[in-house]
Amino acid sequence: MLRYGAATAAVASGVAGAQMLATPAAGKDPRDFELEYRGKRIRGVHVGAAEVRSLARGRSRSHEVWINDRKLAVMEVDLPGATVGFISAINHYQPVLIDTDRNRGGLLELTRRAVDVLGDTELTALAGVGHEHGS
């Protein structure tokens with residue numbers, strides 16, 4: 001009986017821990033995430049409308065993604081039909097939509113796609129350097 005009780009407790013604590021990792025802290029965007037996917041720790045932070053333009057630098061900020069604590073630059077691109085999509089250096093030709101309604105999981109999808117492409121390799125330090133696509 002003790003063996004089954006210990007196993008049940010271990011499973012329950014593992015599930016609770018996974019839920020805590022995937023649940024955003026108070027005051028953060030509910031779409032933010034931090035979890036493990038295919039053996040890599042992934043984290044995504046959504047930038048709210050009030051934070052989109054950084055006045056100090058005069059440049060727009062974008063959502064942020066980390067894979068195993070290495071930043072992957074995410075860039076906003078205009079798609080046909082006045083739609084906004086997001087890409088990374090890894091997902092350059094596979095833009096995803098990121099919004100608060102239908103595409104609320106877009107940043108997580110983009111990050112998972114990047115991990116799928118990376119496989120066993122890791123991001124380099126240069127993966128976090130963003131670049132602008134002309135307007």
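**Exercise 1. Find what lies over the face of Trp66, and give the distance from the ring centre.**

Solution. Arg43 lies over the face of Trp66, at 3.9 Å from the ring centre. The criterion: NZ of Lys or CZ of Arg must be within 6 Å of the ring centre and within 35 degrees of the ring normal. Next, turn to aromatic pairs: the structure holds zero. Such a pair would need rings of Phe, Tyr or Trp (its six-membered ring) with centres within 6.5 Å; planes under 30 degrees apart count as stacked, over 60 as edge-to-face and the rest as tilted.

This is a predicted model: local features need pLDDT of at least 70, side-chain atom pairs count only at pLDDT 80 or more, and totals for chains, interfaces and linings use all residues. Residues are numbered from 1 along each chain as its sequence is written, and side-chain values use heavy atoms, leaving out hydrogens and water.

**Exercise 2. State the mean pLDDT of the protein chain and locate stretches below 50.**

Solution. pLDDT is the predictor's confidence in each residue, from 0 to 100. The chain mean is 76, and 66% of residues reach 70 or more. Over residues 1-24 the pLDDT is below 50; beyond near neighbours in sequence, this stretch has eight contacts (heavy atoms within 4.5 Å) in the model. Residues 52-57 also have pLDDT below 50, and that stretch has nine contacts beyond near neighbours in sequence.

**Exercise 3. Describe the largest nonpolar core and the elements that supply it.**

Solution. Start with the definition: a nonpolar core is a set of buried Ala, Val, Leu, Ile, Met, Phe, Trp, Tyr and Cys residues joined through side-chain atoms within 4.5 Å. Buried means under 20% relative accessible area, exposed over 50%, partly exposed in between (1.4 Å probe, protein chains only). The largest core has 18 residues; those with the most contacts inside it are Ile42, Val65, Ile67, Leu72, Val74, Leu107 and Leu123. E1, E5 and helix H2 (106-118) each supply at least two core residues. The largest share, five residues, comes from H2. Helices (H or I, at least four residues) and strands (E, at least two) are DSSP runs, numbered from the N terminus.

Now take Leu72. Leaving aside neighbours within four places in sequence, Leu72 contacts Val65, Ile67, Ser88, Ile90, Ala114, Leu123, Ala127 and Gly128.

**Exercise 4. Determine which residues of H2 are buried and what covers them.**

Solution. Gly106, Leu107, Leu110, Thr111, Ala114, Val115 and Leu118 are buried in H2. Their cover includes E1, E2, E5, E6, strand E7 (74-79) and strand E8 (83-88). After H2 comes Gly119, with a positive phi near 60°.

**Exercise 5. Glu64 and Arg70: buried, partly exposed or exposed?**

Solution. Glu64 is found in strand E5. Glu64 has a relative accessible area of 18%, so it is buried. Beyond four places in sequence, Glu64 is in contact with Arg43, Gly44, Val45, Lys71 and Leu107. Arg70 is in strand E6. At 39% relative accessibility, Arg70 counts as partly exposed. Not counting residues up to four places away, Arg70 touches Val65, Leu123, Thr124 and Ala125. The C-alpha atoms of Arg70 and Ala127 are separated by 7.9 Å, although 57 residues apart along the chain.

**Exercise 6. Give the phi and the loop of Arg38 and of Asp69.**

Solution. Arg38 is not a glycine, yet its phi is positive, about 50°. Arg38 lies in the loop between strand E1 (33-37) and strand E2 (40-45). Its relative accessibility is 61%, so Arg38 counts as exposed. Asp69, also a residue other than glycine, has a positive phi near 65°. Its loop runs between strand E5 (64-67) and strand E6 (70-72). Asp69 is exposed, with a relative accessible area of 63%.
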